[in-house]
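Please read the following report alongside the sequence and the model, which are shown just below.

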Amino acid sequence: MEAAERFIAQQLQSWQQQVAQTHEISLSSLDAFPEPLFVLTETLKAYDFFYQQCQAIYQNRWAQPGTRYFSARYELVLDRQRWLLELRQTSSPSVQTIPDAPAVIYTPFFSLTLQRLENFSWKANSRVAYLDAAALIFPLTLRIWQPGDWFCPLGLAGKRQKVSDFLVNQKIPRMEKDRVYVLESQGQIAWIVGYRVDERFKITEKTQTAVRVEINREQSLAETTFS
């Protein structure tokens with residue numbers, strides 16, 4: 001097995017050096033390998049991306065340009081026929097900046113997927129939020145809630161409520177409270193992630209474009225430690 005690992009490392013050395021120098025990965029060059037997903041995974045693990053992320057990255061390689069994937073230290077942006085690697089401005093997983101949608105964000109407890117939609121329909125689902133794109137101002141901020149935070153819960157006719165009171169009313173266990181994130185637009189909470197949308201950002205009859213945000217608790221930055 002050690003011999004096999006040395007052989008593989010030698011075969012990928014020039015490819016990985018090229019990626020390190022250019023900070024980009026060509027889709028056509030990658031697909032020229034017999035096992036492109038394996039090559040992508042071996043290459044991106046040096047940038048803190050883990051296997052489940054690489055699966056999603058490769059499967060969605062023909063997605064909309066601008067789609068972003070985040071590790072603890074790096075950002076991978078899908079461009080035409082290539083991915084671009086960039087060092088993130090912040091390495092803290094507890095406060096993250098989302099430049100635009102589409103994007104895929106990873107926290108220690110979940111992943112978050114953002115999409116822009118012009119034709120959409122929705123059903124009530126705590127895992128998915130539909131926000132009016134016209135009300136959002138990018139970049140957005142994803143962070144753990146703090147004492148003093150407030151928002152206008154959907155269904156309360158625009159009345160303000162402290163996030164702490166909302167969590168108490170929802171009977172969220174103390175351990176879970178410490179893991180609750182908020183999605184902010186210009187300092188205004190648009191969504192208590194996984195729980196409630198803010199009235200100011202809800203979908204209305206006038207909404208032309210929605211930003212769909214979905215939480216996936218099965219995929220998180222924690223997997224980089226145990227994968």
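Phe120 has a relative accessible area of 22%, so this residue counts as partly exposed, where buried means under 20% relative accessible area, exposed means over 50%, and partly exposed covers what is in between, with a 1.4 Å probe and protein chains only. Tyr130, in contrast, reaches 15% relative accessibility and therefore counts as buried. The model is predicted, so local features need pLDDT of at least 70 and side-chain atom pairs count only at pLDDT 80 or more, while totals for chains, interfaces and linings use all residues. Residues are numbered from 1 along each chain as its sequence is written, and side-chain values use heavy atoms, with hydrogens and water left out.

**Aromatic rings**

Rings of Phe, Tyr and Trp (for Trp, the six-membered ring) are taken as a pair if their centres lie within 6.5 Å, and planes under 30 degrees apart count as stacked, over 60 as edge-to-face and the rest as tilted. By this rule there are seven aromatic pairs. In one of them, the rings of Phe50 and Tyr106 have planes at 85° and centres 5.6 Å apart, so the pair is edge-to-face. Phe50 lies in the loop between helix H3 (36-44) and helix H4 (51-59), whereas Tyr106 belongs to strand E6, so this pair ties together parts that are 56 residues apart in sequence. Helices (H or I, at least four residues) and strands (E, at least two) are DSSP runs, numbered from the N terminus. Both Phe50 and Tyr106 are buried.

The rings of Phe120 and Tyr130 have centres 6.4 Å apart and planes at 25°, so they form a stacked pair. Phe120 sits in the loop between E7 and strand E8 (128-132), and Tyr130 in strand E8, 10 residues apart, so that the pair links distant parts of the chain. Elsewhere, ring pairs link Phe109, Phe110 and Tyr181 into a cluster.

Some rings also carry a charged group over the face, which is counted if NZ of Lys or CZ of Arg is within 6 Å of the ring centre and within 35 degrees of the ring normal. Arg61 lies in this way over the face of Tyr58, at 3.9 Å from the ring centre, and the charged end of Arg160 sits over the ring of Trp150, 3.6 Å from its centre.

**Strands and their partners**

Strands of a sheet pair through backbone hydrogen bonds, either parallel or antiparallel. Here two strands are said to pair if DSSP finds at least two bridges between them. The table gives several antiparallel pairs.

| Strands | Bridges | Residues that stand opposite |
|---|---|---|
| E6 (residues 103-106) and E7 (residues 111-117) | four | Ala103 and Leu114 |
| E7 and E15 (residues 210-216) | seven | Leu112 and Ile215 |
| E2 (residues 68-70) and E3 | three | Arg68 and Val77 |
| E3 and E4 (residues 82-87) | six | Tyr74 and Leu87 |

A hairpin joins E6 to E7 through four residues, and another joins E2 to E3 through three residues. The hairpin of E3 and E4 has two residues between the strands, and in this hairpin Gln81 takes a positive phi near 65°. Strand E3 (residues 74-79) is mostly covered, since five of its six residues are buried.

A further group of five strands forms an open sheet with antiparallel pairing, in the order E5-E9-E12-E13-E14. Strand E5 (95-98) and strand E14 (196-197) stand at its edges with a single partner strand each, so one side of each is left without a neighbour in the sheet. Strand E13 (residues 188-192) and E14 pair over two bridges in the antiparallel sense, and the bridge partner of Ile192 is Arg196 in E14.

**At the surface**

Phe7, Ile8 and Phe38 make a nonpolar surface patch of about 270 Å², and Phe7 is found in helix H1 (residues 2-22). Patches are made of residues with over 30% relative accessible area and no salt bridge, with like charges joined within 9 Å and nonpolar side chains (Val, Leu, Ile, Met, Phe, Trp, Tyr) within 5 Å. A salt bridge is a side-chain nitrogen of Lys or Arg within 4 Å of a carboxyl oxygen of Asp or Glu, and accessible areas come from the Shrake-Rupley method with a 1.4 Å probe, where for residues only the protein chains shown count as cover.

Pro34 lies in the loop between helix H2 (27-31) and H3, and with 75% relative accessibility this residue counts as exposed. The C-alpha atoms of Pro34 and Phe120 are separated by 38 Å, and the two residues are 86 residues apart along the chain.
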